[in-house]
Amino acid sequence: MRHIISVLLENESGALSRVANLFSARNYNIESLSVAPSEDSSSSRMTIVTSGNDDVIEQIIKQLDKLIDVISVTDITSEDHLEREIVLISLKSEDFGQSKLKGNDNIKIHELDNNNVILELVDSPNNINKILDEFEDLAFSVVRSGAVGINKTKQGE
Amino acid sequence: MSKNAQDLNKKDLFTGAEIFVKCLEAAGVENIFGYPGGAVLHIYDELFKQKNVNHILVRHEQGAVHAAEGYAKSSGKTGVVLVTSGPGATNSITGIADAYMDSVPIVVFTGQVRTNLIGNDAFQEVDTVGITRPCVKHNFMITDVKDMANTIKKAFYIANSGRPGPVVVDIPKDITEQEFYFDYPKSVSMRSYNPDIKVEDSKIEMIIEAIKKSNKPIIYAGGGVINSNASEELTEFAKISKFPVTNTLMGLGCYPGDDKQFVQMLGMHGSYEANMAMHDCDLMIAIGARFDDRITGRLDKFSPGAKIIHIDIDPSSISKNIKADIAIVGDVKKILKSLLAKIKKDSVNIPNIDSWWKEIDEWRKKESFSYKQGNEIIKPQYVVDELYKVTKGEAFVTSDVGQHQMWVAQLYKFNKPRRWINSGGLGAMGFGLPSAMGVQFANPGSLVCCVTGEASIQMCIQELSTCLQYGLPIKIINLNNRYMGMVRQWQEFFYKGRYAMSYMDALPDFVKLTESYGHVGMKIEKPKDVSSSIKEALSLKDKLVFIDFITDQDENVYPMIATGKAHNEMILS
């Protein structure tokens, strides 16, 4: 099952690679990982999207928590949370014009001089996947930020 | 920072190297094991000028770390290592990984190239922090002399609290030149690390309820009991409950090895009674043990009818391999104390398990560690047995890795914790001799024996030189079967006797080799000389003695649970 895990960790050099290293060393899946300073510049907040059965997820959380730089780990999957990702899609203006997505108010369009457009969209990873399906047969390139998530009830978690 | 640097006089300033040595003094470090090199020369210069911290020069950095491990394991104190950058750091990795696997508190200081050269592929530069990251509890690079004292304080705190482990501190050379004042912090607190875990009373209740309902209980105790200094509490719990006790390889000595409730070591080369009892038990109380694959064998056939209680300080050890029914996270000593207090306070009625003991005693009759010593060829087990008798079980014994290690674990009955020093998790050949040096430094005047094999001993044989320099009277018991014995055994069992590369051809004359280092060497080929040679070696109190026992080439370690088999599927002979 897919899980979204929020990690608060010390903003120290090497903290990111400790986490990345843990996932490769212990053969855990990692779908996406995003990290940036939190509300307090001495710590960073990381959102990890991973998958595995309950036992694997339990170990991932425990192993993350065991890292000395990690302040707290929360699996927000089952909590009431908001999950968002930003995606940038570059494709031919013409292709975009013919697609079903023209007129979608959520998409911000950056017109370029070279007959290309860059589409900018913030949405749930699931919806972004659906949108990308629309371009399946076209030439395009895509950059995704990976998901970030926040609990809706607790401040700062 | 408690003081403002600008308010201080010039005379209060010290170089990073001076601060480093002052920090070691403040941390109460008596001995450090190391090897000098370019990046740490400022530090060595400061070590030269003082007398409080004793530096022991090893002959290879792997030896330094194993020595620090032996020092730490036998004393409970933190072992300390100082090596240079590049190859100094890479040579120390095996020891660091070993300390990580076996939860040994050590702090390893590595020199590093100057900060302006980092990343430039400078001479003797490696990314030490990066290389060691997967095999340390934590690591640091000091990038400002102002952080020196605080980082060293943290390193010692992390290494020897919670589940102990190795901490690496990488120090670029220019940091040891920069000046700052010296202020070693009295205490340290970290928001991201708090090893002090409160015992949950409700869990103690659950354990007691499970005990009341059990008919076939077993206590399975590991190295965590030793790390937590909880042998007394464990023994009291066993005596009150009358439950059988088995030990992991790392736990040997945490419960008296010659006690009648002790059913010996369990696992791949454990006793018949320990493994059968583990398989058939209805209540398993795992204490400071981690259900390693060499312990559990086949996971889906592991103790099918048991309720499992798991007591451990590391939450990630719980339900990693085997699902715990009752998990209690915390310091083993504190938890056992709470459990004992509750049992006494409530006068808990512990079930009578006489019929369970009858079953166990039947299994015991197999005498699964037995062997037959004839008149001609020395059986390796016989040497261990005689060593046990002659030393009255009172020696510190280190070992290398392989058959000889298993025979010591099976036959030398350790009655006290911290007497049995070996490489369990990593299984690092070369561990025995340097770790014995560390044990001897931590326990001057005590008898330290290193049981090894002709393959293992050659991996760190250079440390014989260190032993000469410091007059370490270690007794080396070499079980020489001219094979990498455990490799040979697996090749006999699983590769139809194709002994690929396991024969030790072109062995040195160990007697001459030992003598060339200024020690005493003996070669023993007949069973009748085994006991007397050990006695003679022990009588040479100030000398390192290397006894080369020429042993049976074909002897195997039994019982054996082959990989992928269950506890009740042992090969007995």
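1. In chain A of this predicted model, 71% of the contacts with a separation of 6 or more are made by residues 24 or more positions apart. Of the 157 residues of chain A, 23% count as buried. The C-alpha trace of chain A spans about 50 × 35 × 30 Å along its principal axes.

2. The secondary structure of chain A comprises four helices and nine strands. Read from the N terminus, the order of these elements is β-α-β-β-α-β-β-α-β-β-α-β-β.

3. Turning to the interface, the contact between the chains draws 16 residues from chain A and twelve residues from chain B. On the side of chain A that touches chain B, the elements giving two or more residues are α1 (15-25), α2 (54-66) and β4 (70-75) of chain A. The largest share of that side, six residues, is supplied by α2(A). Classified by residue type, the side of chain A that touches chain B has four nonpolar, five polar and seven charged residues.

4. The buried residues are Gly16(B), Ala17(B), Glu18(B), Ile19(B), Phe20(B), Val21(B), Lys22(B), Cys23(B) and Leu24(B). The charged residues Glu18(B) and Lys22(B) are thus among those that count as buried in α1(B).

5. Which elements of chain B do the buried residues of α1(B) pack against? The partners are the strands β1 (13-15), β2 (31-34) and β8 (179-181), together with the helices α2 (41-48) and α7 (148-159), of chain B. After α1(B) comes Gly28(B), whose phi is positive, near 75 degrees.

6. The axes of α8 (residues 201-213) and α13 (residues 332-345) of chain B come within 10 Å and cross at roughly 60 degrees. Because of this angle, α8(B) is oblique to α13(B). The crossing in which α8(B) passes α13(B) is right-handed.

7. The residues that form this helix contact can be listed by side. From α8(B) come Ile204(B), Ile207(B) and Ile208(B), while α13(B) provides Ser338(B), Leu339(B), Lys342(B) and Ile343(B). By class, the contact of α8(B) with α13(B) has five nonpolar, one polar and one charged residues.

Key. Residues are numbered from 1 along each chain as its sequence is written. Chains are lettered from A and ligands numbered from 1 in the order in which they are written. This is a predicted model: local features need pLDDT of at least 70, side-chain atom pairs count only at pLDDT 80 or more; totals for chains, interfaces and linings use all residues. A residue is buried if 20 or more other C-beta atoms lie within 10 Å of its own, exposed if 12 or fewer, and partly exposed in between; C-beta atoms are placed from the backbone. Two residues are in contact if their C-beta atoms, placed from the backbone, lie within 7 Å. Axes are lines fitted to C-alpha atoms, for helices over the stretch in contact, and angles run from 0 to 180 degrees between N-to-C directions. Angles under 35 degrees count as roughly parallel, over 145 as roughly antiparallel, 65 to 115 as roughly perpendicular and the rest as oblique. A crossing is left-handed if the near helix is turned anticlockwise from the far one by less than a right angle, and right-handed if clockwise.
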